[in-house]
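The report that follows describes one protein model for a reader who has its sequence and coordinates to hand. Which elements pair, and which residues lie inside?

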Amino acid sequence: MQPRNMSMSGVVDLAAVKAAGEAKAKAEQARAEAARQGGAAAGGAPGGAVPPSALVIDVDEAGFESDVLQLSNEVPVVLDFWAEWCEPCKQLSPLLERLTVEANGRLVLAKIDVDANQMLMQQFGIQGIPAVFAVVAGQVLPLFQGVAPEQQIRETLAQLVQVAEERFGLIGLPVDPAAEGAAPVERAPEPAGPYDALLEAAVVALDAGDLGGAVQAYKNVLADDPANTEAKLGLAQAELLSRVQHLNPQTVRAEAAANPKDPAAQMAAADLDLAGGHVGDAFGRLVETVRVTFGDERDSVRVRLLELFEVIGADDPRVTAARTALARVLF
């Protein structure tokens, strides 16, 4: 398979990528306007901008609907299932709290003590803690279980914010860092940009089959601007091409047919599906593999599926449908 064919197949529509970036910019403008005019406080109570301390809340079963489900129509709510006796939780929870404050109103963290909220733990099908989910516009998304590296968590939360802004138009909560008793908000540095030349060089390299050059160009952009939508989607496409360029389609598909529960075989076949433009087949294959696998194998397939979501773009309805299907099999 020639890499150039992949770039011409329509798997990643660069116009759509640019449109996604424009949508994010519009959401940011709306959020800034809400901050100037004063928005709703966390939990729906009026009162203008909220202090950073209001972005981390304790939630129980009685308040779950108002504190999480209703609030998720304004801002993505991250659920941190923890317990006092859980040592990994003591590592993860402070990190989630810090990253939530750094997000400056684009996220709210809801902490749920599983010992005091057994029903919620059962409803989410949690087998071990820490476990982290998100609720966006009333929809539940599994994020990860256990303690993950900080960079991985940052990337996961950045993707969550992107989905909320571009797909659901959620602009988050206006935050007043000067509120009484509030801790100072650590603001992310402005992106170095502009990146037009690097992004154009990456597209040229991609079309020419220079996958290494394309990957490096996109990574150069993301090193300065980790949330750059066009670079994230382009990198996902280039990495997909790198994985499939030396595969033998007949061999890969034969192995996948013979080993329906083999994660490696199914992931390779899903890569080929997506590279050929068969988006629904790729997503469906990995959702089914998640359903029939467990533990680390299941998590590796889930992560690959999230990577393939990046190739298509968070605002694509096929991604939305696959996220819902993934949540269903994980529960």
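## A hairpin and its surroundings

Strands β4 and β5 form a hairpin with two residues between them, and A137 in the turn has a positive phi of about 50°. Helices (H or I, at least four residues) and strands (E, at least two) are DSSP runs, numbered from the N terminus, and two strands pair if DSSP finds at least two bridges between them. This is a predicted model, in which local features need pLDDT of at least 70 and side-chain atom pairs count only at pLDDT 80 or more, whereas totals for chains, interfaces and linings use all residues. Residues are numbered from 1 along each chain as its sequence is written, and side-chain values use heavy atoms, with hydrogens and water left out.

The pairing of β4 with β5 (residues 139–145) is antiparallel and runs over six bridges; within it, A134 has L141 as its bridge partner, and V135 stands opposite V140. Strand β2 (residues 77–82) also pairs with β4 in the antiparallel sense, over five bridges, with L79 and F133 as bridge partners.

Six of the six residues of β4 (residues 131–136) are buried, so the strand is largely enclosed by the rest of the structure; here buried means under 20% relative accessible area, exposed over 50%, and partly exposed in between (1.4 Å probe, protein chains only). A131, F133 and V135 point one way from β4, while V132, A134 and V136 point the other way, and all are buried.

## Overall architecture and confidence

The secondary structure of the protein comes to 14 helices and five strands, and of its 331 residues 49% count as buried. Where contact means heavy atoms within 4.5 Å, residues 24 or more positions apart account for 70% of the contacts with a separation of 6 or more.

The average pLDDT, the predictor's confidence in each residue from 0 to 100, is 79 for the protein, and 79% of the residues score at least 70. Confidence is lowest in helix α1 (residues 3–7), at a mean of 31, and highest in helix α10 (residues 249–258), at 95. Two segments have pLDDT under 50 throughout: residues 180–185, for which the model has eleven contacts beyond four places in sequence, and residues 187–192, for which the model has five such contacts.

## Nonpolar cores

A nonpolar core is a set of buried Ala, Val, Leu, Ile, Met, Phe, Trp, Tyr and Cys residues joined through side-chain atoms within 4.5 Å. The largest has 30 residues, of which L274, F283, L286, L305, L308, F309 and I312 touch the most other members. The elements that give two or more residues to this core are α9 (229–244), α10, α11 (263–275), α12 (279–292), α13 (295–312) and α14 (317–330). A second, separate core of 29 residues includes V75, W82, L120 and F133; F133 is also the β4 residue that has L79 as its bridge partner.

## Disulfide and individual sites

A search of the whole structure finds one disulfide, a disulfide being a pair of cysteine sulfur atoms within 2.5 Å. The link joins C86 to C89 (S to S 2.4 Å) and is right-handed, with 80° about the S-S bond.

| Residue | Relative accessible area | Class |
|---|---|---|
| C86 | 2% | buried |
| C89 | 2% | buried |
| Q159 | 12% | buried |
| S300 | 31% | partly exposed |

Q159 lies in helix α6 (residues 150–168) and touches K232, L306, E310 and R323, not counting residues up to four places away in sequence. The side chain of Q159 makes a polar contact with the side chain of E310 (3.4 Å), a polar contact being a pair of N or O atoms within 3.5 Å; within protein, one must be able to donate a hydrogen and the other to accept it, and residues adjacent in sequence count only if both atoms are side-chain atoms.

S300 is found in helix α13 and, leaving aside its neighbours within four places in sequence, is in contact with P263 and M267. The C-alpha atoms of S300 and P263 are separated by 7.8 Å, although these residues are 37 residues apart along the chain.
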